[in-house]
Amino acid sequence: MSEIFPPLTDFNDLAAVEGLDAVQEQVAAVIEHAQHEPQAQQDAPAIEWPVPILPGMRPVPEIPATVLPGWLGDMAQAVSACTQTPPALAVLVGLGVLATVLQRRYVVAPFGDSYTEPLSLWTLSASPSGTRKSAVLTAMQAPLIYWEKLLRDRMRSDIARVNAARMVAKKRIERLQQDAAKAKDAQERESLTAEIEREETDMPDELRAPRLFTGDTTPERLQALLVEHGERMAVLSDEAGIFQIMAGLYNGGAANLDVFLQGHAGSSMRVDRAGRCAHVDQPALSFGLLLQPGVLADVAGSRRFRDTGLLARFLFALPVSTVGKRDVRKHAPIPQPLRDEYEYQVLRLLGDEPVAVGEPVVLVLSDAAREVWLDFAQAIEDEQGEGGQYEAISDWTSKLPGAVARVAALLELAASGLHAREVSHACMDDAITLGRLLIPHAQAAFALLGADQVDVDADAVLRWARGRGEAVFLRSECHQAMSGRFRDVERLKKALDRLEVNHVLQGFVVREKGKKPSQRYRVNPACFLST
């Protein structure tokens, strides 16, 4: 308006200095200016904008240690306080430890019939460098390391004895094979062959110290580990090596993902290749990973990770970093009685000796647990279809009820012990609470990975709107300008809807006489400030 009005105080001053004709000219100029002002700015309602949630920056709730029962929740809380880290890190690692201990030995049957869920669990916490991920992992996995060392020390002499016997037998077989090859008499050759067979039959099986987890491995070595250690193995790590291997970083992007997928589902694995065989009836593989978000985004953003269902198997946590908010003078060590209780309970679940491979024990759901689980599963199902709030991550949410059943069974065994045969309502309720909290974390993770197509499209629309630098735009203008991306207007609508829900845009309809109503959007002013 400063271009229309001269630098005078008001119309009275203008009339006194230049006369009434000058006042009329200015009024006419104002009317003319108003008539040419964009209709969208005239009709758009004035609003007070909430803080926008930009694409890829979805807020996530805290995951409290109280979602874990008793001793496990107490330990997770103590580790969080000691390391000044979000409780989510210790919670997910704690679940990974439980799965490492109990997988393959137990399964859960939500309906009490042939449909069962193994207790393997994949957890992934993304936290920036310097957030003390290693300290969390070290504290939570300590009993597993102690158990492995304890059994290794107990079995040391037996392993040495068996290895010596096997070495002697192999050398004797080698010598007998040479003698049989040189034998000219058929009867002598037959006798030597029979002796070779007896040596091979009598040779003791290889004896290995038990292993519960590894930190870095290849698909081929993982297959062997499953064969060697009772068809179960876990990967607990705060490094990105395993993810880089899964992404095929070292073999031209063509990593074999079958062992990972079969290990999560518990489906039969048969590998017969030159020099390598692996036959596993019910493989059980768990993950407890703590990675940097940038590494996760760089490695896991490929379509192969999404298309194979690999990403959908992880329970994600992307907690808000505590860096910059920690008290460097605060020292809160884990109380020794609590540390001892945690170790005792984990060792109690492990037992003193390696568990032989056999049919897993089946846990069923109590009637009350089944009802709340079915209510949860139905609520998830209802939001997965076209236009539902979980449409963009429906592959992940489709597996969530099964994951919640697994978590509930793990919590029941932790709370009640190895004799448990039924999942209680209380443990199922805790598992469902955790499942609901994990949904926005999964949405944030898929957005971070560029695996949420709606979020990717929303980011493109926002960048276009920012580039225009105008507060209001027509949907038709956006569609025309971005026709290469949005051949279908419905896809554009989903992106615009996402931006509206996240307070980036506000849509409104302008109705002008003689014209079709037009859909317009006003951009949150804060979005221009954050460019």
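Strands are DSSP runs of E of at least two residues, numbered from the N terminus. Threonine 123 is found in one of these, strand 3, in a structure that is a predicted model. The relative accessible area of threonine 123 is 1%, so the residue counts as buried. Its side chain reaches the backbone oxygen of leucine 92 at a distance of 3.4 Å. Apart from neighbours within four places in sequence, threonine 123 is in contact with Leu92, Phe287, Gly288, Leu289, Phe314 and Leu315.

The chain as a whole comprises 21 helices and 14 strands. Of its 531 residues, 47% are buried. Among contacts with a separation of 6 or more, 75% join residues 24 or more positions apart. The chain exposes about 26200 Å², of which carbon and sulfur atoms supply 51%.

Confidence was examined along the chain. The mean pLDDT is 86, and 86% of the residues reach 70 or more. Confidence is lowest in helix 3 (residues 39–43), where the mean is 45, and highest in strand 11 (residues 422–423), at 98. Over residues 1–9 the pLDDT stays under 50, and the model has 12 contacts beyond four places in sequence for this segment. The pLDDT is also below 50 over residues 30–44, a stretch with 19 contacts in the model beyond near neighbours in sequence. Where pLDDT is low, the predicted coordinates should not be read in detail.

Aromatic residues were considered next. A pair of aromatic rings is described by the distance of the centres and the angle of the planes. A search of the whole structure finds 11 aromatic pairs. In one of them, the ring centres of phenylalanine 316 and phenylalanine 446 lie 5.9 Å apart with the planes at 80°, so the arrangement is edge-to-face. Because phenylalanine 316 belongs to strand 9 (residues 314–317) and phenylalanine 446 to helix 17, this pair ties together parts that are 130 residues apart in sequence. Both phenylalanine 316 and phenylalanine 446 are buried. Tryptophan 464 and phenylalanine 473 form another edge-to-face pair, with a centre-to-centre distance of 5.1 Å and an angle of 90° between the planes. Tryptophan 464 and phenylalanine 473 are likewise buried. Phe316 and Phe446 also belong to one aromatic cluster, together with Trp122, Phe260, Phe287 and Phe314. Two members of this cluster, Phe287 and Phe314, are among the residues in contact with threonine 123.

Helix 17 (residues 425–448) also contains histidine 441. With a relative accessible area of 0%, histidine 441 is buried. A polar atom of its side chain lies 2.9 Å from the backbone nitrogen of leucine 318. Beyond neighbours within four places in sequence, the contacts of histidine 441 are with Val60, Pro61, Ile63, Phe316, Ala317, Leu318 and Pro319. One of these contacts, Phe316, is the residue that pairs with phenylalanine 446.

A disulfide is a covalent bond between the sulfur atoms of two cysteines. With a cut-off of 2.5 Å between cysteine sulfur atoms, the count comes to 0 disulfides. Cysteine 427 has a relative accessibility of 5% and therefore counts as buried. Cysteine 527 is buried as well, with a relative accessible area of 0%.

Backbone geometry was inspected at two loop positions. Most residues other than glycine have a negative phi, and most peptide bonds are trans. Glutamine 84, by contrast, has a positive phi, near 55°. Glutamine 84 lies in the loop between helix 4 (70–83) and helix 5 (87–102). Its relative accessible area is 14%, so glutamine 84 is classed as buried. Arginine 132 also has a positive phi, near 65°, and is found in the loop between strand 3 (122–126) and helix 6 (133–154). At a relative accessible area of 37%, arginine 132 is partly exposed.

Valine 489 is partly exposed, with a relative accessible area of 28%. Valine 489 and serine 476 are separated by 13 residues in sequence and by 9.1 Å in space, C-alpha to C-alpha.

Technical notes. Residues numbered from 1 in each chain as written. Heavy atoms only, no water. Buried < 20%, exposed > 50% of the residue type's maximum accessible area, 1.4 Å probe, protein only. Helix = DSSP H or I, 4+ residues; strand = E, 2+ residues; numbered from the N terminus. Polar contact = N/O pair within 3.5 Å; in protein donor to acceptor, adjacent residues only side chain to side chain. Contact = heavy atoms within 4.5 Å. Areas by Shrake-Rupley, 256 points an atom, 1.4 Å probe, with all protein chains shown as cover. Phe/Tyr/Trp six-rings, centres within 6.5 Å; stacked < 30°, edge-to-face > 60°. pLDDT = per-residue confidence, 0-100.
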